[in-house]
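Let's take a walk through a protein model together.

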Amino acid sequence: MGYNHEYQLALANTEAYWADQADRISWFKKPTKTLTKTDFGTYSWYADGELNSAYLALDYHVENGRGEQVALYYDSPAAGKKEAITYNQLLDRVARFAGALKAQGIEKGDTVLIYMPMIPEAAVAMLACARLGAIHSVVFGGFAPAEMAIRIDDANPKMILTASCGIEFDKTIAYKPLVDKAIDLAEHKPEHTIVFQRAMVKAEMNRDGDLDWIEVQEGVDPAPCTPVKGSDPLYILYTSGTTGQPKGIVRDNGGHAVALSYALNNVYGMHPGDVWWGASDIGWVVGHSFIVYGPLMGGCSAIFFEGKPIKTPDAGTFWRVIEEYKVNSMFCAPTAFRAIRKEDPEGALSHKYDLNSLKWVLVAGEKLDSSTYHWLSDLLKVPVIDHWWQTETGWPMTAPMMGWDNPSEARLGSTNKPIPGYDIRVLDGDGNEVEDGEAGNICVKLPMPPGVAWSIWNNNDRYVSSYLEAFPGYYHTGDGGFKDDDGYIYITGRTDDVINVSGHRLSTGEMEEVVSAHPAVAECAVIGVNDELKGQLPVGLIVLKAGEQIEEEQLQTELVKMVREQVGALACFRSAIVVQRLPKTRSGKILRAILRKIAAKEQYKMPSTIDDASILPEIEALIEARGAI
Ligand code: AMP
C-alpha cells in the first residue's frame, strides 16, 4: 500500500474511505450515514449505526474462535501477582460485573466514575460500562480528591468504582478514603461506591451506599450487550485545558471503534494473536485506546502492567516483561526510558533477556529527545518510532504506517507524516499557511477523521472556543511546530498554558489557582521549565503581598504541599521563586508566552506591549540562579 496514494484517497474521498473502514468492523446495524455535521460545527461519524464496544472487544472474538487466547496478561511486580486471562474468561467477568451494575440500576447513558489502579478489575469495570451503554469516566489514580471532586461535579456519576488501594513502588495508597473525601467535597453525590478489596489494604465500608465488588455479583445474571448508536458516548476523559476546569473529552462508540481498529492494524502493524504492550495507565488516553479497547478489539493479547519502569524491582523490569510474554510491539512515553537509562546507563540489564520478539517500540506523549532516541535504538536494535497525538484525537495524527510495506523512515525530531484522514496544516497567527520549514500553529483541516472527540461533556461551546474558533475551518491542536519539504511534521511544544510532565498533560492555570490561594501570594505565574528526566517541570514565580515577610524556603514548602494535596503528586511542583514583579502588558495581562520562552531557553523578542522590559532579564537570572533551567 503506497502512503501517498492512500493519504490522497482519504483526503479526496473522505466519506468513501471511512465507509470502507467501517465495513471492516462488526455492527449490529450498519450505519447509513457516514459523516454528519453537528449544529455546533463539529462532525460525527456513523451516527445511526448500532454497535457495542465491549462486544467488539470480547464477544466478537469468542464467537470467532479466539476464546482460549489470552486477552490480558496482568503482570504486577508491585503486588507480586501475575494472571493470564483468556477472552472467554474476560468476557465472563465483564458480563457478570455488568449484570451487577445493572442490578444496581446502571443503564444506558448513565455515567460511572472509575478510580482504580492497574488491576484487571479496572478493565472489567470499563468494559462492563461499555456493555451496558453506560459512560465511564476514568480518573487517574494519582489525582487528589479535590481534582476527583471537580470531575464528579462535571460528570455527575451515578456510581463510583474503586479498589481499596493503589501501589506506588513499594508503598500502598489507600484509595477509599480519597474517594470518600472527593464525595464530601463534591456537590453531586453518587448513589453507590463499589469497592474491590485488595489483599494488602482493607477499605472501610463506612458510608451509606458502599458496596463490595464480589458481593454485588452474587446471584445476578450476566448482562447482554446493549446496542448503542455510533454517536453515543462511550466515555468521558478529562484532560487539562488552560483554565482550572479540566475538559471532559467525549469519545463516541462508532468512530472510536473504527479508528482504533484502523490504527492498530495500519499504524501499529498489529494483527490478531500478536502480543501488544501499551505501557501506560488506564487513567490516560493511551490506556483507554491502547491498553484496553484497541488491542482487545484487534484480537491481540495485551499486557496489563502494574509497576514502574524502575525499582519494581529494578530497571530491567520492562525487558523482563518483553521476554516473558514475547511482546511484539510496545508503546510508552520517552520519560520511562529516560528513567531506565538513569538507573542503568549502559542498559546492561537488557542483555539478561531475550528481546527477539520485539519488532519496534513506539513512543509518544512528549518530545523524544535525540539522546534517548539514540540510546534506545542502539540498545534494542529495533526501530524506535516517535508519533504524535492527543487525548482529544484518541489515536495518532502523525506516525509511520508500520502495517504497510515501506513505512516512512524515521526522521529525528519529527513525529513523522500525517496519517490518512488528518489534513495537517501549519498556520500563522492570521490563519494563513506558512512555508515549509517555517514554524506556526499546527492545525487540522475539518472534518477530523473518525474517533476524534467532537464534543466536550455538557459544554459544546467550550469545544468550539478551545479548538475551532482560533482558525475557522480548522481544529487547533494547541501545539506549535513546522512541516519539512517532504511533509514530515515537527512538534516543538505547546502554544498555550499546558505543560507536559513525564508525558502527563497539566494545566499551569490549574496550579496557579492553588498557588494564589496561599495567604502570602499576591500574584503568580506557573511555567514549565525544561527537565532532563521529566521533559518539563512546573516552577512558580511568586509576587508576595506588600509587607509579607515569609521566607522563600518556607513559602516553597507550603506551596509544594498545597499543590500536592489539591492537584496531586503527579504535578511534581517543587519549586517556587519569589520575584519582585511579573512581566505584563500595559493592560495588565501577564506575558505568559514570553515566560514560556524564557523557561524553554528559547530566544524571545521583547514585546512592544510590555510595561517594563527590565523585568525579563531579572526573572531569567533568578530562574538560572536557582538551577531551575
Ligand atoms: P495528552 O492529551 O495528555 O496525550 O497530551 C497531548 C500533548 O502531548 C500534545 O498536544 C503534545 O503537546 C504532546 N505530545 C504528544 N505526543 C508528542 C510527541 N510525540 N512529541 C512531542 N510532543 C508530543
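Start with a group of four: Asp75, Lys82, Arg320 and Glu324 are linked in a network of salt bridges. A salt bridge here is a side-chain nitrogen of Lys or Arg within 4 Å of a carboxyl oxygen of Asp or Glu. Before going further, a word on what you're looking at: this is a predicted model, where local features need pLDDT of at least 70 and side-chain atom pairs count only at pLDDT 80 or more, while totals for chains, interfaces and linings use all residues. Residues are numbered from 1 along each chain as its sequence is written, and side-chain values use heavy atoms, with hydrogens and water left out.

Searching the whole structure turns up 32 salt bridges. One of them brings together the side chains of Glu168 and Lys308, at 3.2 Å from N to O. These two come from distant parts of the chain, 140 residues apart: Glu168 sits in strand β9 (residues 165-168), and Lys308 in the loop between β17 (301-305) and α10 (317-325). (Helices, H or I with at least four residues, and strands, E with at least two, are DSSP runs numbered from the N terminus.) How open are the two partners? Glu168 has a relative accessible area of 35% and is partly exposed; Lys308, at 25%, is partly exposed too. The cut-offs are these: buried means under 20% relative accessible area, exposed means over 50%, and partly exposed is in between, using a 1.4 Å probe and protein chains only.

Next, find Glu512 and Arg592, whose side chains meet in a salt bridge of 2.6 Å, N to O. Glu512 belongs to helix α14 (residues 508-515) and Arg592 to helix α16 (residues 592-599), so this pair ties together parts that are 80 residues apart in sequence. Here Glu512 counts as buried at 11% relative accessibility, whereas Arg592 is partly exposed at 23%.

One more pair: Glu523 forms a salt bridge with Lys584, with their closest N and O atoms 2.8 Å apart.

Now for a sheet. Four strands form an open sheet in the order β21-β22-β23-β24, with antiparallel pairing. Which strands stand at the edges? They are β21 (423-427) and β24 (489-494), each with a single partner strand, so one side of each has no neighbour in the sheet. Two strands count as paired if DSSP finds at least two bridges between them. Five bridges join β21 to β22, and Asp423 has Lys445 in β22 as its bridge partner. Another five bridges join β22 (residues 440-445) to β23 (residues 474-483), where Asn441 stands opposite Gly480. As for cover, four of the five residues of β21 are buried.

The whole structure has five cavities of 30 Å³ or more. On a 1 Å grid over the protein atoms alone, a cavity is a set of points where a 1.4 Å probe fits but cannot get out, and lining residues have an atom within 4 Å of a point. The largest cavity has a volume of about 90 Å³, and its lining includes Leu368, Tyr373 and Arg411. Strand β20 (residues 384-386) gives the largest share of that lining, three residues.

Terms used: 1 Å grid on protein atoms, 1.4 Å probe; cavity = no way out; pocket = protein on both sides within 12 Å on 5 of 7 lines; lining within 4 Å. Points joined across faces, edges and corners; volume = space filled by probe spheres on them.
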